Each structure stands twice: as C-alpha cells, then as structure tokens.
2 protein chains.
Amino acid sequence: MLTDRQLLILQVIIDDFIRSGQPVGSRTLSKKHQIAFSSATIRNEMADLEELGYIEKTHISSGRVPSEKGYRYYVDHLLPPQRLTRADIQKIRSVFAERIYELEKLMQKSAQILSELTNYTSIALGPAFKESKLKRMQIVPLNEQTAVAIVVTDTGHVENRVVTIPPSMDAGDLEKMVNIFNERLNGVPLIDLKEKMETEVADVLRRHIRNYDSMLNTLIETIDVPEEEKVFFAGKANMLNQPEFSDIQKVRPLLNIIEQEKDIYRLLRKQTQKGVRVSIGHENELRGMENCSLITATYSVGDEPLGAIAILGPTRMEYSRVITVLNRVASDLSAALTKWYQSQ
Amino acid sequence: MLTDRQLLILQVIIDDFIRSGQPVGSRTLSKKHQIAFSSATIRNEMADLEELGYIEKTHISSGRVPSEKGYRYYVDHLLPPQRLTRADIQKIRSVFAERIYELEKLMQKSAQILSELTNYTSIALGPAFKESKLKRMQIVPLNEQTAVAIVVTDTGHVENRVVTIPPSMDAGDLEKMVNIFNERLNGVPLIDLKEKMETEVADVLRRHIRNYDSMLNTLIETIDVPEEEKVFFAGKANMLNQPEFSDIQKVRPLLNIIEQEKDIYRLLRKQTQKGVRVSIGHENELRGMENCSLITATYSVGDEPLGAIAILGPTRMEYSRVITVLNRVASDLSAALTKWYQSQ
DNA sequence: TTTAGCACTCGAATTGTTTGAGTGCTAACA
DNA sequence: TGTTAGCACTCAAACAATTCGAGTGCTAAA
C-alpha cells in the first residue's frame with residue numbers, strides 16, 4: 001500500500017505532467033508549495049514509486065513520467081475535484097436549450113460543444129433505434145417503375161428507400177398494400193418488422209392483391225437494411241495540437257481509425273453500462289490507440305442507456321476536466337432527450 | 001515564346017519533379033534518354049526558363065522546381081497523355097454498375113473510388129436539388145403535440161422535420177391540410193414552395209380550417225430551412241502521405257478547412273461550368289491552400305451540370321492521372337444519374 | 001528519517017567539418 | 001553561333017565533437 005506521502009507525490013507528478021507534458025524532476029517538485037520535503041527525499045520516494053510501477057523514466061537521468069498503471073491509479077483514486085465555470089455550464093446549457101428539430105443536429109452539436117470545451121477530439125454515437133416501433137409506412141410512387149418507401153417510427157425517425165414497382169402492380173394495388181401494412185404493423189418494433197411482414201401480412205396480401213410477392217420481397221429487402229446509428233465527430237484536428245502527436249507517423253494510424261469510423265462505432269456501441277468509463281493506453285484493444293485514452297459516458301432516456309458520447313485524446317489527458325465536462329453534457333443531453341421522448 | 005527545346009526541358013523537369021518530389025538538376029536531366037544535350041546546355045536553358053518564371057531554385061545552388069506559373073503552363077499545354085489501365089476502368093465501372101438505392105451512398109462511393117485510384121483526398125458534392133419539384137407532402141402525427149412533416153420530391157429525395165401541432169388543431173384538420181397541399185402544390189419547385197404556401201394555399205386553408213395559420217407558419221419555417229447539398233469526403237488521411245505535408249504545421253490549416261466543410265462546399269458550389277478545372281496554389285482563394293491544387297469536374301444529368309467532384313492534393317500533383325481519373329468518374333457518374341433521373 | 005553534497009548520466013543544443021549535388025561562367029570547339 | 005568541357009563556388013544535409021543543464025543515485029552527516 002502507498003503511504004500518504006507517496007500518494008501526494010504521485011498526484012503532484014501526474015498533475016504537473018498533464019499540465020506541462022514534460023518529465024517531472026525532484027527539484028521541480030520540491031519547489032511546489034504543496035510539498036515540504038527536500039529534493040533528495042522526493043528522489044527516494046520516486047524511486048519507490050517507480051519500483052512499484054506507477055511512474056517511469058524516459059531515460060536513465062530524466063525526470064519521471066506517469067505509467068499507464070499510474071494514470072489508472074490517478075483516475076481511480078486521485079482525481080482532483082473539478083468544477084466547471086459558469087461560462088462553461090452556460091455554454092452547455094445553451095446547446096440543449098433550443099428546440100430540437102432533428103436528432104442528428106443535436107448529436108452533432110453535442111460533439112461540437114465537447115470538443116470545444118476540452119480541446120480534444122469528441123465522438124457522439126446517435127441513439128440506438130432498435131427499440132423504436134413502426135408508426136406509419138408510406139409508399140409514394142414516382143413513376144410507373146419506381147417509388148419511395150418511407151417508414152416513420154414512433155420516435156419521429158424517418159427512413160426511406162427507393163424501390164422498384166413490379167410491372168404487374170398498379171397504383172390501386174400499391175395503396176391497398178400500404179393500407180394493409182399500416183393496419184397490421186402499427187406499433188411493431190422495427191427489428192421484428194421483417195418477420196411479421198413475411199408471416200402475418202403475407203397471408204392477408206395474398207387474399208387481396210395479385211402479384212404481391214415480388215413487391216413484398218423488394219420491400220422487405222430494402223427495409224431490412226440495418227440502419228446503423230450514426231457517429232458524429234468534432235474537433236478531429238485537435239488531435240494535431242497535442243505535442244505527443246507532433247510526429248506525423250504517430251497521428252496517421254489514429255486518423256485512419258477516426259476516418260474509418262467503423263472501429264470507433266463498435267467501441268462505443270459496446271459501452272452500455274451507465275456512467276463514465278476510462279480506457280488508458282493499452283487498455284484500448286484497437287491497434288494505433290496505444291498512446292490514447294478514450295473516455296466514454298452514456299446518455300439515457302429515463303433509465304435506459306441509449307447511446308454514448310466520448311472524448312479521445314493522448315494518455316496525458318486532462319482527465320479531471322474531461323470527465324466533468326462529459327458528465328455534464330451526458331446528463332444535459334439525457335434530460336433533453338427524455339423530455340423529447342416523453343412528449344411522444 | 002518558348003522554344004521547342006525549352007518546352008521539352010520544362011516538361012521533363014516537371015514530370016520528374018512530380019514523380020520524385022526532389023529538385024531536378026541539370027546532370028540528372030542530361031542523363032534522361034529523351035534529352036540529348038549536355039548538362040551545360042541544359043543549365044543555360046534552365047537559367048532562361050527561370051528568368052521567364054516557369055521554374056525556381058529552392059536555394060542558390062539547388063536544382064530547379066516548377067513554379068506555379070510552370071505548373072499552369074504544364075497543365076494547359078504539356079500534359080502527357082495518360083490512359084487508365086483496364087483494372088482501373090473496371091473498378092470505376094463496378095462502382096456504378098450496382099443498382100442505386102440511395103443517392104448519398106452513390107456519392108460516397110464516388111468519392112471513395114476517386115481517392116483510392118489517386119491516393120489523394122477526394123470530395124464529392126451531392127447533386128443540387130433546387131430544381132426538383134414537390135411530389136408529395138405527408139404529415140404523420142406522433143402524438144397530440146408533434147408530428148413529422150415529410151416532403152418527397154420528384155427525384156425521390158425525402159426531406160423530413162419534426163413540427164409542433166398547435167393545440168387547436170385535430171387529426172382531421174391535419175389531414176385536410178395535407179390534402180389541400182397535395183392538390184395545390186404538386187409539381188411546384190421546392191424553391192417556390194414557401195411563396196406558394198404563403199399566397200395561394202393560405203387562402204384555401206382559411207376557408208376550410210380554423211387556426212390554420214400558426215401551423216402553416218411552423219410548416220413554412222421548417223420546410224424552408226434550405227437543405228444544403230451534402231459534401232462527401234474520402235481519403236482525408238491521404239493528405240498525410242504527401243512529403244510536402246510531413247510537417248504538422250503545414251497540414252493543420254488544411255485539415256481545418258477539410259473538417260469545416262463549409263469553405264470547400266462553397267468552392268465546389270461555384271463550379272458550374274462544365275468540364276475540368278484546375279486551381280494551382282495561390283489560384284485558390286482559401287487561406288491554407290497555398291500549397292495545394294484543387295481539381296474539380298462537374299457531373300451532369302442530360303446537359304445540366306448538377307454537382308461536382310474534386311481531388312485535393314499538393315501542388316506537386318499527378319495532374320495527368322488525376323484529370324484522367326476525374327473525367328472518367330464524372331462521366332460514369334453522369335451516365336448513372338442520367339439513367340436514374342430519366343426513369344423518374 | 002531527512003537532507004546536503006557529489007559524481008555521474010544523458011538529451012538537447014551548438015559548433016565545426018565533410019560530402020555531394022548543383023550552379024554560373026569562361027574558353028575552346030564544331 | 002550554338003554547344004560543351006572544365007573549374008571555382010555555393011549550400012544543404014549528414015556527421016562528429018563539445019558544452020550545458022536538468023536530472024539521478026548514493027553516501028555521510030544532521
């Protein structure tokens with residue numbers, strides 16, 4: 001177990017390093033007002049902390065730098081309390097004060113405010129619509145061969161696809177078909193839509209409409225394309241401001257991960273337990289993120305976590321501030337969404 | 001006017017520099033099989049070319065590098081003919097061979113193939129829908145207070161917004177309203193929609209529906225939000241592979257421009273005359289693009305240019321190849337879109 | 001247990017040197 | 001008159017040598 005003095009020294013080292021990015025030496029530490037011991041004493045303690053794996057040297061005669069284990073301990077036990085300024089709180093609030101017209105805009109804005117307040121890259125994963133149910137289906141014919149199929153969910157989300165109309169079908173059939181759908185499928189969760197269409201509805205259709213099947217198949221096929229939740233990024237270029245990424249070679253894999261979106265998407269998707277999670281350096285499974293920390297928080301509607309927002313930065317990250325900001329944005333976002341969903 | 005020999009030398013210098021990225025010296029040139037003169041002769045010619053402003057030295061005793069004027073001349077008069085390989089042509093064709101379900105996917109794929117074939121950053125501007133006309137409007141109530149307003153255009157494009165229903169309005173009114181819209185506004189270009197709604201339709205509404213006006217205003221307001229064409233990027237990270245951008249300081253402003261999207265959007269929007277356009281270095285008005293060239297091409301449906309695709313890279317760019325690829329993709333994209341629109 | 005002192009280490013910055021690719025100019029040549 | 005060989009000169013880049021300073025570990029005294 002670490003002594004109080006060791007804890008103090010560890011904390012000051014990490015705080016200082018996060019601020020400056022420079023290895024911290026014993027003399028620098030001894031000058032801090034929080035610390036009353038000589039540099040020699042500190043050197044002894046630092047040697048112990050190093051042996052325990054909390055800090056490291058960059059070379060034999062250098063100051064110390066936190067190890068991943070050190071950061072982990074810091075995040076778990078030593079986070080200095082942090083309060084947002086009025087201005088920050090105000091900024092966040094103003095984002096969510098406006099009337100929501102589009103969920104996507106809201107998510108984009110959330111990401112934006114996150115990267116603005118932290119100067120890191122931020123990510124927002126759109127809410128998962130798996131749960132949402134069919135409110136209305138609509139087919140708008142464009143001409144003889146094509147039509148737009150539109151699906152509206154109870155959450156106000158709209159999906160649409162262009163479909164081909166089989167030559168044997170006319171406008172009347174189409175209308176009948178849509179009516180049957182809306183009668184039978186109202187309130188069905190989108191995930192079950194395909195199955196229901198194939199079983200229950202097919203029977204009814206068979207009785208009323210000739211040649212319904214090729215059209216039905218086209219529809220099922222197009223509706224079934226699983227719509228992935230969108231990922232919103234902001235402040236990608238902030239990555240370049242970090243001195244640890246001043247070397248192009250080190251940024252490239254990161255920017256690739258970011259550009260790809262898919263990996264990040266999966267990472268955030270996994271995050272379903274409530275609250276803030278911090279992944280430091282090699283705790284991230286993704287290759288190319290060894291020098292990064294990813295801090296995620298979930299947002300929810302009512303009690304159910306729907307999605308996640310996250311900050312991506314170097315392991316030398318302002319954990320305290322980032323976590324505070326993330327918490328605040330997540331809770332404001334949750335509140336806004338809850339209000340929005342409740343009115344549905 | 002330049003002599004034939006000067007032209008030859010200029011061309012070889014630029015070709016070589018584009019390939020190698022290194023300043024080209026007289027000895028290197030004299031060894032090329034296309035060139036039969038001694039290095040001393042070449043030095044004389046190069047001195048002339050420099051005086052005329054087509055090439056520059058990086059320092060007093062260095063080889064020569066093309067100036068922007070040199071690139072401009074090269075692009076206008078010296079482009080070596082370039083043919084795509086079968087494989088390349090095949091790759092492009094396969095992108096457009098598939099059935100189009102969503103315009104956005106198609107644009108995204110166009111951008112992707114562009115950056116894949118050129119190793120630069122590519123941009124695709126979605127088709128401008130200004131011309132498109134209202135096919136159908138639909139209002140789907142979600143609950144007492146809110147509804148989704150959906151607009152379908154004759155091109156199969158779907159726009160939707162959440163709107164608030166004034167308390168004084170009931171489901172019947174809503175339905176009547178939509179019916180009136182669809183009767184009166186079918187075929188009206190989206191740009192004129194607002195005006196028509198305010199003038200013609202308002203009168204009819206007044207006669208049939210109580211309290212129509214607050215709802216109408218909400219609708220007009222939400223429909224009127226000008227939907228900007230989307231910009232699709234691909235290969236952003238390719239920027240980092242260029243040796244001229246190996247310094248973070250030089251990439252940052254560029255990545256900022258790219259991340260912002262707005263400036264690029266405007267730039268591409270302006271490009272309406274048909275064909276390929278090349279902007280070299282300072283010909284680009286945007287700050288931060290001094291070291292870049294932007295090559296744009298328009299794609300059209302029938303005879304009307306609808307949008308643009310572009311490649312962004314360093315001024316030392318493989319102009320010949322890029323222009324060839326861009327032309328090919330633009331014409332294949334045009335063909336695909338034309339087919340698609342014709343069937344509407 | 002703490003601290004002062006000292007020898008030692010190493011990265012970073014500075015300086016000097018060498019090397020090679022390139023130039024311009026001049027004089028000879030075809 | 002145009003072309004070329006030769007020569008002196010320039011400069012960036014690579015490399016080695018040197019210095020400087022911030023840091024360490026260890027020891028002995030307080």
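1. Let's start where the chains meet. Across the interface of chain B and chain A there are 12 residue pairs in polar contact, both residues at pLDDT 80 or more. A polar contact is a pair of N or O atoms within 3.5 Å; within protein, one must be able to donate a hydrogen and the other to accept it, and residues adjacent in sequence count only if both atoms are side-chain atoms.

2. A word on what you are looking at. This is a predicted model, in which local features need pLDDT of at least 70 and side-chain atom pairs count only at pLDDT 80 or more, while totals for chains, interfaces and linings use all residues; side-chain values use heavy atoms, without hydrogens and water. Residues are numbered from 1 along each chain as its sequence is written, and chains are lettered from A and ligands numbered from 1 in the order in which they are written.

3. Back to the interface. Chain B and chain A bury about 3700 Å² between them, 57% of it on carbon and sulfur atoms; buried area is the accessible area (1.4 Å probe) that two parts lose on being put together, summed over both. In chain B, B:Tyr101, B:Leu142 and B:Ile248 lose the most area to chain A, together 16% of what that side buries.

4. How are the two copies related?

5. Now follow helix α10 of chain B, residues 248–260. Helices (H or I, at least four residues) and strands (E, at least two) are DSSP runs, numbered from the N terminus. The buried residues of α10(B) include B:Ile248, B:Val251 and B:Leu255, where buried means under 20% relative accessible area, exposed over 50% and partly exposed in between (1.4 Å probe, protein chains only). Among the elements they pack against are α10 of chain A and β3 of chain B, with contact meaning heavy atoms within 4.5 Å. Just after the helix, B:Glu261 takes a positive phi of about 70°.

Notes
The expected span of a helix is 1.5 Å times one less than its number of residues.
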